[in-house]
Amino acid sequence: MSGRDDSRVEAQEGAAAGKDGMHVIGMDVGGTNIKAGIISPDGAIIGLAQAATPVNQGKEAILACMEEVVGQLRNDYRGGIGALGIGSAGRIDRQTGTVLYATDNLPGWMGTPLKSVMEARLSLPVFVDNDVNAAALGEGWLGAGRDARHYVLLTLGTGVGGALVHDGKLIAGPRGGAGEIGHMILHPGGKACNCGQSGCLEQYASGTALNRSAKLVDSGWDSRELMRQLELGHEQSRVVISRFVSDLATGLVSLQNLYDPELIIIGGGIMDTHRLWWRDLLARLGSCTEQALSVRPAVLGNEAGLLGAARLALDEWNAGWS
Ligand SMILES: [Zn+2]
């Protein structure tokens with residue numbers, strides 16, 4: 001319990017320090033890990049903590065784990081913390097900080113009033129957004145989008161995530177559902193998607209989709225092996241990756257036509273191998289649109305989400321301060 005008393009003291013210290021000198025905690029909550037860091041107002045990472053998400057133990061255990069990770073950071077840092085920003089998997093109501101929708105990757109998460117629950121537990125102002133939106137804020141603040149005001153982030157991981165930033169601000173949509181780029185229909189009547197539609201981009205450009213394609217070439221392969229074979233000059237692998245690049249390019253051109261962003265940033269696990277197919281993607285983009293389309297790999301990796309969550313906390317807390 002003493003930890004909670006300390007929290008209150010530190011919250012007051014944070015407030016006393018004012019918005020200019022305030023440090024915040026940024027947290028990224030995913031189905032595998034909960035990662036958090038103490039972040040200075042200029043984006044320096046002062047401390048990091050992480051724990052495996054206890055998905056098998058349900059919602060309460062996940063909330064307790066989040067509290068524990070924050071406690072760990074506070075134990076190692078005696079300065080004031082002004083606010084906590086959380087980027088969470090799922091669709092989030094930013095106003096109330098409630099999880100509107102989440103998959104079973106985070107069991108029981110749907111309906112959780114994350115903001116009020118964590119504010120009560122930590123005695124800190126808490127601000128919540130979707131994890132991909134947070135990553136987009138992170139990349140715009142300190143990463144690939146530093147020089148852009150209008151950009152799109154596309155993450156190619158287990159699924160395909162997206163976030164839209166217009167004039168430096170996230171476009172959330174009235175129900176928190178904007179930027180679901182992964183469920184843009186690419187091939188009408190195509191592969192069935194878990195969203196209920198068919199032919200979504202996610203079914204062609206995600207890590208899961210590439211794993212599936214790899215298994216069709218050789219039942220023992222995954223996407224990593226597919227990439228390794230591509231590097232060795234394996235013809236069938238080249239054909240599969242070429243199809244992936246073509247589908248991705250089609251999605252990117254649609255995004256460009258819809259939003260006319262200065263920049264499209266691409267992140268996620270598939271980008272680990274981008275050097276093997278990036279040049280092909282640029283060539284494909286060059287041949288299928290007359291518009292100047294600027295694409296760039298994300299640069300913050302796993303820390304984009306927690307840095308962006310910290311940015312969210314700084315922005316929201318500062319807005320409330322004035
Ligand atoms: Zn879908």
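Okay, let's start with a pair of residues: Val29 has Ser88 in β4 as its bridge partner. β1, residues 23–29, and β4, residues 81–88, run parallel and share six bridges. By pairing I mean that DSSP finds at least two bridges between two strands.

Before I go on, this is a predicted model, where local features need pLDDT of at least 70, side-chain atom pairs count only at pLDDT 80 or more, and totals for chains, interfaces and linings use all residues. Residues are numbered from 1 along each chain as its sequence is written, and side-chain values use heavy atoms, with hydrogens and water left out.

Back to the sheet. What is the order of its five strands? It goes β3-β2-β1-β4-β7, as an open sheet with mixed pairing. At the edges you find β3 (45–52) and β7 (126–130), each with a single partner strand, so one side of each has no neighbour in the sheet. From one strand to the next, the twist averages 15°.

Now the helices. α2, residues 59–76, lies across β1, β2, β3 and β4, at about 150° to β3. α4, residues 131–142, packs on the sheet as well, touching β1, β2, β4 and β7, and its direction makes about 100° with that of β7. For those angles, axes are lines fitted to C-alpha atoms, for helices over the stretch in contact, and we take N-to-C directions, from 0 to 180 degrees. Touching, or contact, means heavy atoms within 4.5 Å.

On to another sheet. This one is also open with five strands and mixed pairing, in the order β10-β9-β8-β11-β12. Its edge strands are β10 (169–170) and β12 (295–297), each pairing on one side only. Inside it, β8 and β9 run antiparallel, joined by six bridges, and Leu153 stands opposite Ala163 in β9. Helix α9 packs on this sheet, where it touches β11 and β12, at about 165° to the direction of β12.

What about the nonpolar cores? Such a core is a set of buried Ala, Val, Leu, Ile, Met, Phe, Trp, Tyr and Cys residues joined through side-chain atoms within 4.5 Å. Buried means under 20% relative accessible area, exposed over 50%, and partly exposed in between, with a 1.4 Å probe and protein chains only. The largest core has 36 residues, and Trp277 is among those with the most contacts inside it. Helix α8 gives the largest share, nine residues. A second, separate core has 30 residues, including Ile38 and Leu84.

Last stop, the zinc ion. Which residues coordinate it? They are His183 (ND1), Cys193 (SG), Cys195 (SG) and Cys200 (SG), at 2.0 to 2.3 Å. Donors are N, O and S atoms within 2.8 Å of the metal, or 3.2 Å for Na, K and Ca; water is not among the atoms, so sites may look incomplete. Along the chain, the donors follow H-x9-C-x1-C-x4-C. Why do we call the arrangement tetrahedral? Because the four donor atoms subtend angles of 105 to 122°, and four donors count as tetrahedral if all angles lie between 85 and 135 degrees.

Terms used:
Tetrahedral: all angles 85-135°; square planar, octahedral: opposite > 155°, others 65-115°. Helix = DSSP H or I, 4+ residues; strand = E, 2+ residues; numbered from the N terminus.
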